[in-house]
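Student: Hi! Could we go through this structure together?

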Amino acid sequence: MLLSDLSDSTLSQALQHKLDQKTKPLGALGRLEALALQLGEILGSESPELQQPQLVVFAGDHGLAARGVSAYPSDVTWQMVENFLAGGACVSVLARQHGIDLTVVDCGVRHDFAPRPGLLDYKVAYGTADALEQPAMSAFECERAVAQGRAVVKSLPGNVLLLGEMGIGNTSAASLLMARLTGLEIADCTGVGTGLDEAGLQRKIAVLAQVLERHAGVTDPLEAMEAFGGFEMATMLGAVLQAAQENRVVVVDGFIASAVVLVAHALQPLVLQRCVFAHSSGERGHALMLHHLGAQPLLDLGLRLGEGSGAALAWPLLQSACLVLRDMASFASAGVSQSDAASS
């Protein structure tokens, strides 16, 4: 299903006029005004309201992790899922602070979890294959993961989706997707991930260069996801496409979530109109990826944690943008004189 173009509409003009009539100099709220305009366009209202925000952490393991591309063992994936569910992870703390519902989706973790509230079981398989030997997933597995990501969004209330992920090895998958879909050198797309030293980083780059060569003929976005991605990333892709179709606000976290949006953009360019990029991470390549997408992140705090932490930290800015549109007085309603330029 093709997405509608939200820009250059009567609503956009009305939103801009409303912002210009607020009791402030024109453009004085900077990026907050652009954010307010975007949220109004996505939600189709001059007085947008953010309802029941959903932060979803998509989790899965990567076969490529066995090649030593991460500073942590694969067991950390399932251990961190347990930490999310117990409320001890950073994103758990931030979600509680801001009153955001947190859901963890097992998309392909190499572990069996006991059923409990806050955990959705959409496991495609027990981790992806080693992308150096074969595609990380089959076309059938990728299609299933995308469909399940759509189902996740359909099952959740609200009009805001905040993206999070967990999967040892997934910065490698994101770097591979970025290199193939942007044409940039793999060294420019690859960072330290969970904390590799310089020798480890160079080993990681060498492995990823071999993976790209192994799948040299892959250029289609979905085929790239099959060759390089993770089940958590393919599931997130479906969630992004579904949220965009429903005109939900999509709050994009860091490097891995941005790589998924890169794929979504290649499939449906107007997805970007529904995406708010939370921050520019400390992971090498993220700033280049954001530049490629033409995205302006809200924050730059040097984060490289993932799991949706940056999306949660940016959340109050979205709330503020909507409140400014809804509740801030206009020159007329407050009886305040405006500049000649603003009134003409």
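**Pockets, cores and loops**

Tutor: In this predicted model, the second largest pocket has a volume of about 320 Å³.

Student: Which residues lie nearest the centre of the second largest pocket?

Tutor: Arg31, Gln38, Leu272, Cys275 and Gln296 lie nearest its centre, out of 17 lining residues.

Student: And which elements give two or more residues to that lining?

Tutor: Those are helix H2 (31–43) and strand S6 (275–277). H2 gives the most to the lining of this second largest pocket, with 6 residues.

Student: How does the lining of the second largest pocket divide into nonpolar, polar and charged?

Tutor: There are 10 nonpolar residues, 5 polar and 2 charged.

Student: OK, now the largest pocket. How much space lies in it?

Tutor: About 480 Å³. Its lining has 29 residues, and the closest to the centre are Gly193, Thr194, Arg304, Leu305 and Gly306.

Student: Which helices and strands each supply at least two residues of the lining of the largest pocket?

Tutor: Helix H3 (75–86), strand S4 (160–166), helix H6 (170–182) and helix H11 (255–267) each do. By class, the lining of the largest pocket has 12 nonpolar, 11 polar and 6 charged residues.

Student: I'm curious about Gly195. Where is the place of Gly195?

Tutor: Gly195 sits in the loop between helix H7 (186–189) and helix H8 (198–214). Leaving out residues up to four places away in sequence, Gly195 touches Ala71 and Arg304. Arg304 is also one of the residues closest to the centre of the largest pocket.

Student: Is Gly195 buried, exposed or partly exposed, and why?

Tutor: Gly195 counts as partly exposed because its relative accessible area is 37%, and that class runs between 20% and 50%.

Student: How far apart are Gly195 and Gln296?

Tutor: Gly195 and Gln296 are 26 Å apart in space, C-alpha to C-alpha, and 101 residues apart in sequence. Gln296 is one of the residues nearest the centre of the second largest pocket.

Student: What lines the largest cavity?

Tutor: Among the residues lining the largest cavity are His62, Leu64, Thr128, Ala173, Leu176 and Phe228. Its lining has 7 nonpolar and 5 polar residues, with no charged ones.

Student: What about the largest nonpolar core, which residues have the most contacts inside it?

Tutor: Leu163, Met233 and Phe277 do, in a core of 69 residues. Helix H10 (residues 231–245) provides the largest share of this core, 10 residues. Apart from this core lies another, of 45 residues, including Ala36, Val81, Val91 and Leu299.

Student: Which residues does Leu163 touch?

Tutor: Not counting residues up to four places away in sequence, the contacts of Leu163 include Val56, Phe58, Met236, Val240, Val250 and Ala311. Asp253 and Gly308 are also among the residues that Leu163 touches.

Student: New topic: how many disulfides does a search of the whole structure find?

Tutor: The search finds 0 disulfides. For Cys107, the nearest cysteine sulfur belongs to Cys142 and is 12 Å away. For Cys189, the nearest is that of Cys275, 20 Å away.

Student: Why is Cys107 in no disulfide?

Tutor: A disulfide needs two cysteine sulfur atoms within 2.5 Å, and the nearest one to Cys107 is 12 Å away.

Student: Are Cys107 and Cys189 buried or exposed?

Tutor: Cys107 is buried, at 0% relative accessibility. Cys189 is buried too, with a relative accessible area of 0%.

Student: Last one, backbone angles. What is phi of Asn247?

Tutor: Phi of Asn247 is near 55°, a positive value in a residue other than glycine. Most residues other than glycine have a negative phi. Asn247 is in the loop between H10 and strand S5 (249–252), and at 26% relative accessibility Asn247 is partly exposed.

Student: And what about Glu307, which also has a positive phi?

Tutor: Glu307 has a phi of about 60°. Glu307 lies in the loop between helix H12 (286–293) and helix H13 (309–327). While Asn247 is partly exposed, Glu307 counts as buried, at 3% relative accessibility.

How values were computed. Residues numbered from 1 in each chain as written. Predicted model: local features only at pLDDT ≥ 70, side-chain atom pairs only at ≥ 80, totals over all residues. Heavy atoms only, no water. Core = buried A, V, L, I, M, F, W, Y, C linked by side-chain atoms within 4.5 Å. Buried < 20%, exposed > 50% of the residue type's maximum accessible area, 1.4 Å probe, protein only. Helix = DSSP H or I, 4+ residues; strand = E, 2+ residues; numbered from the N terminus. Contact = heavy atoms within 4.5 Å. 1 Å grid on protein atoms, 1.4 Å probe; cavity = no way out; pocket = protein on both sides within 12 Å on 5 of 7 lines; lining within 4 Å. Points joined across faces, edges and corners; volume = space filled by probe spheres on them. Nonpolar A, V, L, I, M, F, W, Y, C, P; charged D, E, K, R; others polar.
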